[in-house]
Amino acid sequence: MSKSDFGLIGLAVMGQNLVLNVESRGFQVSVYNRTTNVTDAFVAAHPDKKLVGAQSLEEFVESLASPRKVMIMVKAGGPVDAVIESLIPLLDMGDIIIDGGNSLYTDTERRDQWLGDLGFRFIGAGVSGGEEGARKGPSIMPGGPASTWDVMKPIFESIAAKVDGEPCVTHIGPGGAGHYVKMIHNGIEYGDMQLICEAYNIFKAAGFEAADLAEVFTNWNNGDLESYLIQITAEIFKQQDPQTGKALVDLILDTAGQKGTGKWTLINAVENAVVISTINAAVEARILSSMKDKRVAASKVLKGPKPEIDIKKKKLVKKVHDALFASKIISYAQGLDLISAMGAEKGWDLDLAKIAAIWRGGCIIRARFLNDITEAYRTDAKLSNLMLAPFFTEILNGFQENWREVISLATLAGIPVPAFSASLGYYDSYRSAVLPANLLQAQRDFFGAHTYERTDKPRGEMFHTDWPEVIG
Ligand code: 6PG
């Protein structure tokens with residue numbers, strides 16, 4: 001039998017779908033799974049496809065054409081290292097290992113160094129799009145040496161989603177850059193999801209039922225909010241529970257899970273001193289949601305207004321639309337700001353226009369407005385903040401009134417809108433020529449002689465005051 005063009009280890013659903021995607025582009029693919037029954041069942045289920053099911057890693061490696069291209073699709077963390085370790089004695093110099101899981105970028109940097117020192121080539125590739133994306137065309141964010149990318153490019157470009165004929169994959173940068181950008185993608189995904197949930201919560205307080213919401217979200221998906229997450233939300237509202245005939249969404253317990261990429265994004269933002277308050281609020285909202293028992297207990301003792309919003313439905317839909325869109329812009333502005341700061345810190349030379357462009361299709365955050373984000377960075381690669389691109393400035397200026405009103409309405413009705421509020425707080429802080437940090441500097445100088453600058457003196461000149469002593 002001829003040697004395979006590509007090999008994949010880890011036949012969970014994402015792995016299986018990626019294999020079928022690669023095979024469908026004309027490549028022969030070898031597959032290996034630790035539990036070999038899974039391999040056998042998978043190959044048997046696709047008798048007409050160019051698949052080679054290997055019973056052992058030796059057989060798997062042996063079946064691949066040189067330089068071997070081995071993609072690992074196993075759980076992030078220890079399992080990735082374990083697979084790499086078992087591959088090392090079997091591979092030849094120059095063979096390529098691709099980690100397509102949601103690995104922490106620092107792990108990817110370590111593996112890049114480790115495998116590079118041994119003479120292998122390594123690519124840490126973020127792959128987004130869930131099961132369907134993997135099968136039909138994901139967005140792929142590969143990091144690693146440019147020369148290795150060149151070898152992988154034909155396969156990656158053929159399997160990636162396409163937007164206007166352009167594949168949703170580009171070489172992100174060296175080392176852990178690919179997994180880093182995928183991590184921020186996920187942080188933004190958290191933000192988008194939470195903002196949608198807050199809109200939903202406001203609508204619920206105004207008496208919208210699942211069927212009304214399906215209509216709202218379907219309409220939104222035909223306008224400037226068009227995106228995968230809005231689209232699936234419309235579908236979710238249409239879904240009935242077969243047992244009770246009720247809207248399924250109303251029967252799902254309100255406790256969110258998370259695997260870690262959002263939390264990693266926050267840690268990295270703090271390390272880089274970049275504000276990502278919308279994503280932060282989204283991660284924290286998931287944490288608060290998971291404390292179900294504590295919330296139920298507190299709901300019995302802590303008072304608040306009745307969660308009711310009394311406003312004409314059509315009006316509310318427009319206002320919430322504006323609040324959602326404005327907040328979404330802020331969330332992306334923050335995520336992209338973090339990518340830009342980290343890119344500069346690491347010397348990765350990241351191209352934000354290219355990153356935004358490959359998020360236009362295939363991935364979970366794909367959205368119509370990513371065309372405008374791409375355009376904004378194509379026009380000005382050094383854009384200091386997405387809010388300042390004329391297209392987005394105009395939207396924010398136009399929507400800010402409704403945005404404020406929605407947050408006021410929700411707050412007065414006791415409905416938590418942490419991500420909407422965090423977004424507006426960022427917007428208002430960022431556009432404030434004067435903030436109250438003068439008082440903060442006075443406090444710092446008072447208790448710690450940390451000194452301050454003065455408004456009437458040149459920047460950099462430091463002052464200290466002998467503040468009165470306070471007793472007690
Ligand atoms: C994607 C998704 C995918 C996965 C997330 C979900 O881009 O395809 O982001 O990677 O669904 O890991 O993460 P949580 O379990 O943390 O929500």
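Glu198 has its place in helix H8, which spans residues 177–205, where helices (H or I, at least four residues) and strands (E, at least two) are DSSP runs numbered from the N terminus. The model is a predicted one, in which local features need pLDDT of at least 70 and side-chain atom pairs count only at pLDDT 80 or more, while totals for chains, interfaces and linings use all residues. Residues are numbered from 1 along each chain as its sequence is written, and side-chain values use heavy atoms, with hydrogens and water left out.

Glu198 is buried yet has no salt bridge, and the nearest side chain of opposite charge, that of Arg286, is 11 Å away. Here buried means under 20% relative accessible area, exposed over 50% and partly exposed in between (1.4 Å probe, protein chains only); a salt bridge is a side-chain nitrogen of Lys or Arg within 4 Å of a carboxyl oxygen of Asp or Glu; and Lys and Arg count as positive, Asp and Glu as negative, with His and the chain ends not counted. A polar atom of the Glu198 side chain does, however, lie 2.7 Å from the backbone nitrogen of Ala419. Apart from neighbours within four places in sequence, Glu198 is in contact (heavy atoms within 4.5 Å) with Pro416, Val417, Pro418, Ala419 and Phe420.

Helix H8 also gives the most to the shell around the ligand, with 5 residues. In total 13 residues surround the ligand, the closest being Asn102, Ser128, Glu189, Tyr190 and Lys259, where a residue is near if one of its heavy atoms lies within 4 Å. Polar side-chain atoms lie 2.7 Å from an oxygen atom of the ligand in the case of Asn102, 2.9 Å in the case of Lys182 and 2.8 Å in the case of Arg286. The protein covers 80% of the 420 Å² of accessible area that the ligand has on its own, as given by the Shrake-Rupley method with a 1.4 Å probe.

Elsewhere, the salt bridges come to a count of 26. One of them joins Glu23 to Lys50, with the closest N and O atoms 3.2 Å apart; Glu23 lies in helix H1 (residues 13–24) and Lys50 in the loop between helix H2 (36–45) and strand E3 (51–53), so the pair ties together parts that are 27 residues apart in sequence. Glu23 counts as buried at 7% relative accessibility, whereas Lys50, at 37%, counts as partly exposed. Lys136 forms another salt bridge with Glu132, at 3.1 Å between the closest N and O atoms, and both lie in helix H6 (residues 130–136), 4 residues apart, about one turn of the helix. Finally, Asp81, Asp99, Asp107, Arg110 and Arg111 are linked in a network of salt bridges.

Technical notes. Polar contact = N/O pair within 3.5 Å; in protein donor to acceptor, adjacent residues only side chain to side chain.
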